[in-house]
Amino acid sequence: MFTALRQRFEAWVTRGQRPARDPVRLERRRIYILPTRYGYAFAALLFVLFLWSINYSNSMGFAFTFLLVAIAHNSMWQAHDTLLGLIIHPADVEPTFVGQDAQLRFRLENPDPEPRYGIALQWRDQPPSYVDVPPSGAAVATLTIPATQRGWLRPGRIRILTRFPLGLLQSWSWIEFESAALVYPQPRGQRPLPAALPNSAGGGLHEVGPGSEDYAGFRPYAPGDSPRRIAWKAAGRNEQLLVKRFTDQARPELWLDWALLGDDPVEARLAQLCQWVLKAETESRRYGLQLPGVRIPPGQGDMHRRRCLEALALF
Amino acid sequence: MTKIWVYAQYGVSFLWPVDSLAHTLKALENLMRFWKQQHNPLASRPSPSTGEERVKVCAQTPVELLTSTALIWVILTLTLAVAPHTNELPVWLAPAFFIIAAWRGGIAIWQQPLPPRWLLLMLALLATAGVLVSYKTLLGRDPGVALLTAMTACKLLETRGLRDGVVLVFLGYLLVMSNLLYSQEIPMVAYLLAVVTLMLVSQMLIHRQHAGLTALAPLRLAGKMVLVAIPVMLVLFVLFPRIPGPLWGLPKDAYKGRTGLSDEMEPGTISQLIQSDEVAFRVRFTGAMPSPKQLYWRGPVLWGFDGRRWTRRDELPSQTPVPFTPEGPALDYAVLLEPSNQRWLLALDLPASLPPRAGMTRSFQLLRERPVNEVYRYEVRSYLQYRTGELTSSERFLGLRLPSKSNPRARELAEEWRARDPRPESLVNAALALFREQSFYYTLTPPLLGFHSIDEFLFRTREGFCEHYASAFVFLMRAAGVPARVITGYQGGERNEMGEYLIVRQSDAHAWAEVWLEDRGWVRIDPTAAVSPNRIQQGIYAALADTGTLPFLARRDGHYAWLRQLALSWDVLNIRWNEWVLAYGPDRQKEFLSGLGFGTVDWRGMTIAMVATLSSLGVIFITLRWRSRRSRDPVVRAWQQFCHRLAQHGLARGLHEGPLDFTERVIAQRPELAKPVREIARLYIALRYGPVHPSMAVRQLQRQVRRFRA
């Protein structure tokens, strides 16, 4: 009930905001401030001190109480100023697998010559993690979000908050970026890698990783080739860069095919395919991926692996 | 109600047990859960395959632990807050607190486990029992403070997380406040201000668990916060409508340990008071200061006598001054009375005006509505020469009453005088002649007296202090048929040349007599003056042969005269502090605000004035802030101006664009601006990111930007 109310309130407050593509500067009208529970407790303490001063007609007691009131008031301004003018850059995200935590790294930039202390990003009710932003500098705040579903993980509204300096008040703002984290399926399944097809496209001659030893001449460099396989000695003699070719007759290329997985449920099939992709990659095999409507020709290397996993994530 | 309040005001008594109870309940809950899981693993454990458990773990906020730095700061500041209490607490408590603080500090430094809960519980019980044994009660100011200290120590030993830290700091604020109940002198206030600043540092460190912030940065921040808070505090202090307290009954010992006159007098009462050089009150005269022998500060008037002890009579004070006939010029002065926990206000013989919320008895004694427990300033007008009115029959009766079977020899002597010459004047002279001509001595250390104290004094010991003489004199007068009473108060005082005011100390305490004469009314007779005229003219030091027992500040000899001089200079500061700060209560506030020309001000007026002042302060503050928000760096300011000018022409700089990207984009869209834009960008980059800041280059940039037209 309370949570629902709060969510409605948040939605109302941020109704005008579109998910941002560019860095966001926190303006006065989108910064909110409320006492924390320690703030309410402090107010009660002030009241006790005030009554105490009245009852004992203690002049310095009044002065002390009023000093604490003024300090609390001052801390309100400071909490507000800590966020005001701060620039938040869209997150920089590495893809993750289901079951792992996605790490969203936001860069917080401080354009002012004063340092800003104790700023945190918070996603839903997770414990916030704090950073300090140096004067005229930047700091990186990492948001850890558990990846529970494959596909695009959109963190949605993120709360940026501070309780600086005394923890009595929390000022916060909501931000939402377009950027999202890609979540691959969870690599899971007991099936072994499918058998290779000896007469698949490309015949028996395939390039493989550096582990193989059968040298098979040069071919022109293409973007995506590993720098370790560039023939640097030959580069001196030729106009263009050449890449060494290796062959591995004993290990023909694989097709990781959706159809191989029979009647398994969709997610289980994707999990199995994901596991196969990772396994084939670690075993330095050439592999292709075949999904309904998607066909990725055999290949190898980081780029290829990423392409396959992306296809699985977004299937 | 009172009891609840007494508990509530010592905060402790609630803060710690409630918090501790919460801890204990949580521990029990965990235990229950653990037990359930052990015995019924299937029922209570969510199945691992559903994501439910994971979500739960995420939602539950773990206890935020305190860093050892933060904890050590907290321990340090709490120790500093407890330190001034060392003398007031029971002997065992302060050392116990310091040991526990050191123990907890050691645990924090060497990362040891906390003591078990049962030990903590035992310590808490032991401490409570200790306080109970030391004071025989838990209610009251002193036991309250002791309990606060003890519970703070216990809380230290269970402190683990952020919330515990916050509770400790709040307890620290209560400790600071409790110190103010004992002393509000300048050094104490300065010390406590420093402690509060350190406490703010602790509070900052508690809430800043993460980064490697050194202690110096929060110290600077806390100092700045206090400085910024002081103007607001002053406005609130001056203008916040004060309510006269107390709102509830106070514990009996609320103002314990105040020395001063009491409403009883027996041999030894005043000579004991003389041992203290504490200030009783200070006086500023509007005109010239009268001579010392005229300075009789009237305190309690004592009527009743039981053969040994004189007591006050309960008189109903009237709301208007009791009339008498003045026979000389009026004398106006302001008295700054130190807290006495008594209702009477001292005034020169005889007072003719009433301070607010005070009344006057028929014995010309000023009584306030409630005891004076703050530094209290009041203004009075007195006439040093006067003639009082008629004697009522009840006054005559009381002024002649003596216990029937006491002091027979003194009675006999009085009868003898009366038989010789019944005129009151000659009876008075006979008594004074007795003191003057026989070998009576004025001494601080008279021999002890028994039940027939007057007889023993008059005929055997003949050594006494002012209370002996006053008491014997009044007894003789009553026995001879002249209505008489004892007056206690202060006589004389020390003039502080530096501040032109009079300091009256407890060592100036005195007792004298008044007799009623038919044609003159009540007349002051000081029998001590007959024995030792010096006491009245030059003060206590000149009158005594055995000055060794006198307190330091009451002496007038050449030893350490410079130190006394220094004390007097310090006292000038103190009287200002007392007049303007400590005496600033409900009455003084009204007086002060009326004095500013607002006429009579009530609480509504004060609230309006307060809100108005605070808002104007706020406006000033916001303006200053706005100005400082516009970057202080001239280079950045020039660049912002340049960007602003381009933005007006539809070329706004994106937040992600650095100066180079931005200028390239501008040049691409407006090639005709290439030259000035490039130049400005070059200068800006060199100045902002380059190693040096030649002021000429800064001026050049500013000039370029000024000339720039998009």
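Helix 3 of chain A and helix 11 of chain B are oblique to each other. The model described here is predicted. Two packed helices are described by the angle between their axes and the distance between the axes. For this pair, the angle is about 125°. The axes lie 8 Å apart. The crossing of helix 3 of chain A with helix 11 of chain B is right-handed.

Which residues of helix 3 of chain A meet helix 11 of chain B? They are F62(A), A63(A), F66(A), L67(A), V69(A), A70(A), I71(A), H73(A) and N74(A). On the side of helix 11, the partners are M225(B), V226(B), V228(B), A229(B), V232(B), M233(B), L236(B) and F237(B). By class, this helix contact has 15 nonpolar residues, two polar residues and no charged ones.

The whole contact between the chains takes 44 residues from chain A and 55 residues from chain B. Several helices of chain B each supply at least two residues of its side, among them helix 1 (2-9), helix 9 (162-180) and helix 21 (561-582). Helix 11 of chain B gives the most, with nine residues. The side of chain B that touches chain A has 37 nonpolar, 13 polar and five charged residues.

Chain B has 710 residues, of which 37% count as buried. Its secondary structure comprises 27 helices and 19 strands. Among the contacts in chain B with a separation of 6 or more, 73% join residues 24 or more positions apart.

One residue of chain B, E500(B), sits in the loop between strand 16 (494-496) and strand 17 (501-505). Is E500(B) buried or exposed? E500(B) counts as exposed because it has 11 C-beta neighbours inside 10 Å. E500(B) and M177(B) are 323 residues apart in sequence. In space, their C-alpha atoms are 34 Å apart.

In chain A, strand 16 (residues 254-257) runs parallel to strand 17 (residues 287-291). Four bridges join the two strands. L256(A) stands opposite L289(A) in strand 17 of chain A. In a regular strand the side chains alternate between the two faces of the sheet. Strand 16 of chain A has a covered face, with L254(A) and L256(A). W255(A) and D257(A) form the uncovered face of strand 16 of chain A.

Definitions and conventions
Residues numbered from 1 in each chain as written. Chains lettered and ligands numbered in written order. Predicted model: local features only at pLDDT ≥ 70, side-chain atom pairs only at ≥ 80, totals over all residues. Buried ≥ 20, exposed ≤ 12 C-beta atoms within 10 Å, placed from the backbone. Contact = placed C-beta atoms within 7 Å. Nonpolar A, V, L, I, M, F, W, Y, C, P; charged D, E, K, R; others polar. Axes fitted to C-alpha atoms, helices over the stretch in contact; angles between N-to-C directions. Parallel < 35°, antiparallel > 145°, perpendicular 65-115°, else oblique. Left-handed = near helix turned anticlockwise from the far one by under 90°. Pairing = 2+ DSSP bridges.
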